[in-house]
Amino acid sequence: MTGKPSLTLHNTLTRRKEVFSPIDADNVRMYVCGPTVYDFAHIGNARPVIVFDVLFRLLRHLYGAEHVTYVRNITDVDDKINARALRDFGGDIAAGRMSLNAAIRNVTEKTASQYHDDVKALGCLEPTHEPRATEHIDGMVAMIQTLIDKKNAYLAQGAEGAEILFDVVSMKGYGALSNRNLDEQQAGARIDVKDHKKNPGDFVLWKESSVEQPGWQGRFSVGGKAVSIHGRPGWHIECSVMSKAHLGEVFDIHGGGLDLIFPHHENEIAQSCCAHGTERMANVWMHNGYLQVEGRKMSKSEGNFVTIHDLLHTKKLGGRNWPGEVLRLAMLMTHYREPIDFSIKRLEEAESILAKWKHGDPQEGNISAEVLRSLLDDLNTPGAIRALHTLKDGKDFAASAQLLGVLPTKVETEMSEAEIASVCEQRLAFIRDRNWAEADRIRDELLARGIELRDGKDSETGERITTWEAKR
Ligand SMILES: [Zn+2]
């Protein structure tokens, strides 16, 4: 083989792996759909954040940190947010102590800040830009007007007031990403004669708000007539507008979870391509697979619904909390396109792997060619982790592990790591001799010095191992 190995990525649009070639190598551009901020993010939401953080790190390594622009939005206008604000502050609003907008801001600010704490604990770099939907309302109104002018959108009267809808039939090739053709979609759906939509697949761009809903004055011109609708945007339009604002009309990579392919991403493409007259919105579309918890679909009714915050700070899963790097490694042990089963066993396995990782200064090491080769092959993180384990040098290990964003955290303690390791060995010897009193004495002594021991089993050999954590 000659030359540098190139990056290949699986493209949902073409359903195959393709060699990645940026539109502009001086500014590689990626957009990933971010959270709707009304409640703690669940562990399924953590998957795209971690997966695309690895891609962000890899692109920065390949093209230079200043030559990659990563945008991840915050959806801060949504009916779920509105419902949460009314639930939490309904009394204050009714009594005139708080405005609806202030209540909504309270919910979105608090949730966005929780989200930032969560993703930081998961070792994710901050994206280059993190736009909020409410900062881009004018852009949305302008793009909707363009779609009206180009006859891709129309005004209709829905049950809750005026709506501007996207006309899916007006777009040639609608459904290409999700591989659904429109005839198939229409055949199953019966159109109610009273339905205000021209086609069942038509979706909302702008919707009239009641007094109990947040709204902005949307001024449009429809068929030469001025139409003003106090309303709010549909969900899809915000991503079309925010990606255009920060990345331009056509950019390199658009990512998100598998569940977003239809309708969200399909509709983003429809809006952007029709508004800009372009063939594509993004060249590469990447989607991460589903996540289950303990072998079942996560749901509140199943009782297995866990948030990132629960895992980091409570004993909800496995009767203990889990460090961010353990959650991150547990996620990266499976290839991003595969389904993942998030379980206590998997977390324990990740923790025992991390306990054996070498320490070193990543700045002084070199990234292993084998680790890099795995990542270049459509982000093969399990392959990269296997390659890491063949590395002998701590510095190279650290430099390579940094590409995955997982570094065993070196904590300041009054004892050196070697000292702690040797005391742990002594204790294991006492345990083998069934001298529990001595083993416990060592455990308590270390605890008194701020070092907490945890006993476990090596997932490969089944041998007893001890890990430790520094407590403040
Ligand atoms: Zn989106």
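The crossing of helices α6 and α7 is right-handed, where right-handed means that the near helix is turned clockwise from the far one by less than a right angle, and left-handed that it is turned anticlockwise. This is a predicted model, in which local features need pLDDT of at least 70 and side-chain atom pairs count only at pLDDT 80 or more, while totals for chains, interfaces and linings use all residues. Residues are numbered from 1 along each chain as its sequence is written. Helices (H or I, at least four residues) and strands (E, at least two) are DSSP runs numbered from the N terminus.

**Helices α6 and α7**

- The axes of α6 and α7 (residues 261-276) are 8 Å apart and meet at an angle of about 55°; axes are lines fitted to C-alpha atoms, for helices over the stretch in contact, and angles run from 0 to 180 degrees between N-to-C directions.
- The two helices, α6 and α7, are therefore oblique to each other; angles under 35 degrees count as roughly parallel, over 145 as roughly antiparallel, 65 to 115 as roughly perpendicular and the rest as oblique.
- On the α6 side, W235, H236, I237, C239, S240 and K244 meet H264, N267, E268, Q271 and S272 of α7; residues are in contact if their C-beta atoms, placed from the backbone, lie within 7 Å.
- The residues of this contact of α6 with α7 divide into three nonpolar, six polar and two charged (Ala, Val, Leu, Ile, Met, Phe, Trp, Tyr, Cys and Pro count as nonpolar, Asp, Glu, Lys and Arg as charged, and the others, Gly among them, as polar).
- Helix α7 also holds P263, and a cis peptide bond with omega of about 0° joins F262 to P263.

**The parallel sheet**

- Four strands make an open sheet with parallel pairing, in the order β4-β3-β10-β11; two strands pair if DSSP finds at least two bridges between them.
- At the edges are β4 (68-72) and β11 (282-288), each of which pairs on one side only.
- From one strand to the next, the twist averages 20°.
- Strand β10 (residues 251-257) runs parallel to β11, and six bridges join them.
- Look for H254, which stands opposite W285 in β11.
- Helix α6 (residues 235-247) lies across β3 (28-32), β4 and β10, and runs at about 160° to β4.

**A hairpin and a loop**

- Strands β1 (residues 8-11) and β2 (residues 16-19) run antiparallel, joined by four bridges.
- T8 has V19 in β2 as its bridge partner.
- Together β1 and β2 form a hairpin with four residues between them, and R15 in the turn has a positive phi of about 60°.
- E294 also has a positive phi, near 50°, although it is a residue other than glycine.
- You can find E294 in the loop between β12 (291-293) and β13 (296-297).

- Helices α14 (residues 417-432) and α15 (residues 436-448) have axes that come within 8 Å and cross at roughly 155°.
- That angle makes α14 roughly antiparallel to α15.
- The crossing of α14 past α15 is left-handed.
- Here V423, Q426, R427, F430 and I431 in α14 meet E438, A439, I442, R443 and L446 in α15.
- The residues of the contact of α14 with α15 divide into six nonpolar, one polar and three charged.

Note on methods
Two residues are in contact if their C-beta atoms, placed from the backbone, lie within 7 Å.
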